[in-house]
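User: I would like to go through this model and ask what stands behind each label. Please set the values against the cut-offs.

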Amino acid sequence: MFCYNCGEENPDEAKYCRNCGALLRKEETVKKVEVLEARNHQQNTSHQHTTTSSSSKNSGNSDWISCCLCIIVIFIVFAIIGAL
């Protein structure tokens with residue numbers, strides 16, 4: 001068995017690397033860790049998409065409000081000019 005930390009070859013029954021002392025993982029454990037890491041990555045990615053979507057929604061709302069305010073100001077200016 002090879003150490004996943006330093007690459008040192010160790011006996012198959014060893015629990016710790018004889019070179020760096022790292023815990024040696026069995027293939028079954030490595031697969032479980034890879035699955036968990038993949039799940040965490042998917043959750044982080046979906047959270048980033050959610051955050052990005054909500055911030056773009058806020059940007060859309062702010063653009064809509066700005067547009068309405070501009071139209072109101074234009075109407076007020078034309079009302080003042082028309083009253084003169």
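User: What is the accessible surface of the chain, and how much of it belongs to carbon and sulfur atoms?

Analyst: This is a predicted model. The chain has an accessible surface of about 7300 Å², and carbon and sulfur atoms hold 60% of that. Of the 84 residues, 8% count as buried.

User: How many helices and strands are in the chain?

Analyst: The chain has 1 helix and 0 strands. The helix is α1, residues 27-83. Among contacts with a separation of 6 or more, 7% join residues 24 or more positions apart.

User: What makes Glu-8 and Arg-18 a salt bridge?

Analyst: The cut-off is a side-chain nitrogen of Lys or Arg within 4 Å of a carboxyl oxygen of Asp or Glu. For Glu-8 and Arg-18 the N to O distance is 3.8 Å, and the pair is therefore a salt bridge. Both residues lie in the segment before α1, so the pair ties together parts that are 10 residues apart in sequence. The count for the model comes to 1 salt bridge.

User: Why is Met-1 called partly exposed?

Analyst: Met-1 has a relative accessible area of 21%. Buried requires a value under 20%, so Met-1 falls in the partly exposed class. Met-1 sits in the segment before α1. Its C-alpha is 8.2 Å from that of Ala-14, a residue 13 places away in sequence.

User: Which residues make the largest nonpolar core, and what makes them a core?

Analyst: The largest nonpolar core has 5 residues: Cys-3, Ala-14, Cys-17, Ala-22 and Leu-24. The term asks for buried nonpolar residues joined through side-chain atoms within 4.5 Å. Beyond its neighbours within four places in sequence, Ala-22 is in contact with Cys-3, Asn-5, Lys-15, Tyr-16 and Cys-17.

User: What does Asn-19 touch, apart from residues up to four places away in sequence?

Analyst: Asn-19 touches Cys-6 and Glu-8. Asn-19 is placed in the segment before α1, and its C-alpha is 9.0 Å from that of Gly-7, 12 residues away along the chain.

User: What makes the nonpolar surface patch a patch, and which residues form it?

Analyst: The patch consists of Trp-64, Ile-65, Leu-69, Ile-72, Ile-76, Ile-80 and Leu-84, and its area is about 820 Å². Membership asks for over 30% relative accessible area and no salt bridge, with nonpolar side chains joined within 5 Å. Ile-65, one of the patch residues, is found in helix α1. In soluble globular proteins, nonpolar side chains tend to be buried together.

Technical notes: Residues numbered from 1 in each chain as written. Predicted model: local features only at pLDDT ≥ 70, side-chain atom pairs only at ≥ 80, totals over all residues. Heavy atoms only, no water. Patch = residues over 30% accessible without salt bridge, like charges linked within 9 Å, V, L, I, M, F, W, Y side chains within 5 Å. Areas by Shrake-Rupley, 256 points an atom, 1.4 Å probe, with all protein chains shown as cover. Helix = DSSP H or I, 4+ residues; strand = E, 2+ residues; numbered from the N terminus. Buried < 20%, exposed > 50% of the residue type's maximum accessible area, 1.4 Å probe, protein only. Contact = heavy atoms within 4.5 Å.
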